[in-house]
Amino acid sequence: MDKRVMLAVAGAGKTYYICHEIDKEKRNLILAYTHENINNIIKELIDAHGSIPKRTTVMTFDAFLYRCLVCPYEPTIGDFFGRQGFKSKGITMKAPPDQRLKSGNRYISNPLYKKKSELEHYITKDGRYYCDNLAELVMTIKRGRESLIKRLAKRLNLFYDQILIDEFQDFRKHNYDLIVGLSKLLKNIILVGDYYQHSVAAKNNSGKPFEKCKTYSSFLKELEMHGFEVDNVTLQESRRCSKSICEFVMNKLEIDIESKRIYEGTVKWVGEDELDSVLNDKRIVKLVYSRANKLSFDVLNWSYSKGDTLDSACVILTDDFEDMDSDNFSVSKISPITRNKLYVALTRSKGDLYLVKSSLFKKCKNKYMI
């Protein structure tokens, strides 16, 4: 029995680890949060094994929910809601109706919202499952007193020798609860993720487990409470970032990250006399907190750069980090979400990392606005 969480740092090679550590003779199921993650996994599997191993299946978590946990049990779903013979017509990415709507300065009940005890909470009028509600649906269904989770785990253990989930920190609420619930009954499951990259996406930033796990240590206790063996050593070194960048992140953001020292790169504060040359250098990708589409040079939002490896990067800081070059700077008063987004931005470069203060960028910002 193997129930592990591998906690990694940025650039440690989470995908590399998953793809190179699997036994290609075993029946592996690899799940990831986004299609971009899936594409990276497929490329890495081909690099590691010459092709995707015949007994290894790769899919997004949403596809896994629909194909493996919902469709095979549709008769049970129909019976649970008293709708014998129910047959769905597929799935939709359309968001389900919110429970409440904002009207002026107050919220009112949404007449389109259906209670969780009704099948219509999980499907559209034309019979398509709401993708966002799939995990909640699976967690709700029972046959008699028996949770559907037990049947699902039994089936998964029958078909797969090992299940691996990449970017575990991105799963929230019902998705998180479902993974934890299944993990307690699965023979072998490995979850890989970076705690400090949670809550970086434009959505999916709230809810379990991070609504109560405000610190790294509390997150470790949460995982151990659910019976996971936590490994925060194996993937502690970044294959991407230089020693200088890792030390800067440790000192300023108080995040433990070490370097494998594969690449050389230094941290450089950009002065006023060199700002324009850096901003106009297409070899250096610029990273801003938000509204990258309003700027004329090559630029990404901090959070959108997640997963990228850049030859060199220039991070344009916000007012919160105006005194980041000071020995007295403290990250303690910065919100965890802002810190996490900056952590992502600072750890993209395998070469030099350029830093621009907010006050300096404001002096020339207008001439670069679209």
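## Aromatic rings in this predicted model

Ring pairs join Tyr-195, Tyr-196, Tyr-216, Phe-219 and Tyr-343 into a cluster. The model you are looking at is predicted, and 18 aromatic pairs are found in it. Two of these pairs are worth a visit in your viewer.

Let's start with Tyr-33 and Phe-171. Their planes stand at 85 degrees with the ring centres 5.2 Å apart, so this pair is edge-to-face. Tyr-33 belongs to the loop between β2 (28-32) and α2 (35-49), while Phe-171 belongs to the loop between β10 (162-165) and α7 (173-183), so the pair ties together parts that are 138 residues apart in sequence. The two partners can also be described by their accessibility: Tyr-33 is partly exposed, at 26% relative accessible area, whereas Phe-171 is buried, at 1%.

Next come Phe-86 and Tyr-129. Here the planes lie at 85 degrees and the centres 6.2 Å apart, so this pair too is edge-to-face. Distant parts of the chain are linked again: Phe-86 is in the loop between α4 (74-80) and β4 (91-92), and Tyr-129 is in strand β7 (residues 129-130), 43 residues away. Both Phe-86 and Tyr-129 are buried.

Arg-100 lies over the face of Tyr-107, and the charged end of Arg-239 sits over the ring of Tyr-16. The table gives the distances.

| Arginine | Ring | Distance to ring centre |
|---|---|---|
| Arg-100 | Tyr-107 | 4.8 Å |
| Arg-239 | Tyr-16 | 4.6 Å |

Key:
Residues are numbered from 1 along each chain as its sequence is written. This is a predicted model: local features need pLDDT of at least 70, side-chain atom pairs count only at pLDDT 80 or more; totals for chains, interfaces and linings use all residues. Side-chain values use heavy atoms; hydrogens and water are left out. Rings of Phe, Tyr and Trp (its six-membered ring) pair if their centres lie within 6.5 Å; planes under 30 degrees apart count as stacked, over 60 as edge-to-face and the rest as tilted. Helices (H or I, at least four residues) and strands (E, at least two) are DSSP runs, numbered from the N terminus. Buried means under 20% relative accessible area, exposed over 50%, partly exposed in between (1.4 Å probe, protein chains only). A charge sits over a ring if NZ of Lys or CZ of Arg is within 6 Å of the ring centre and within 35 degrees of the ring normal.
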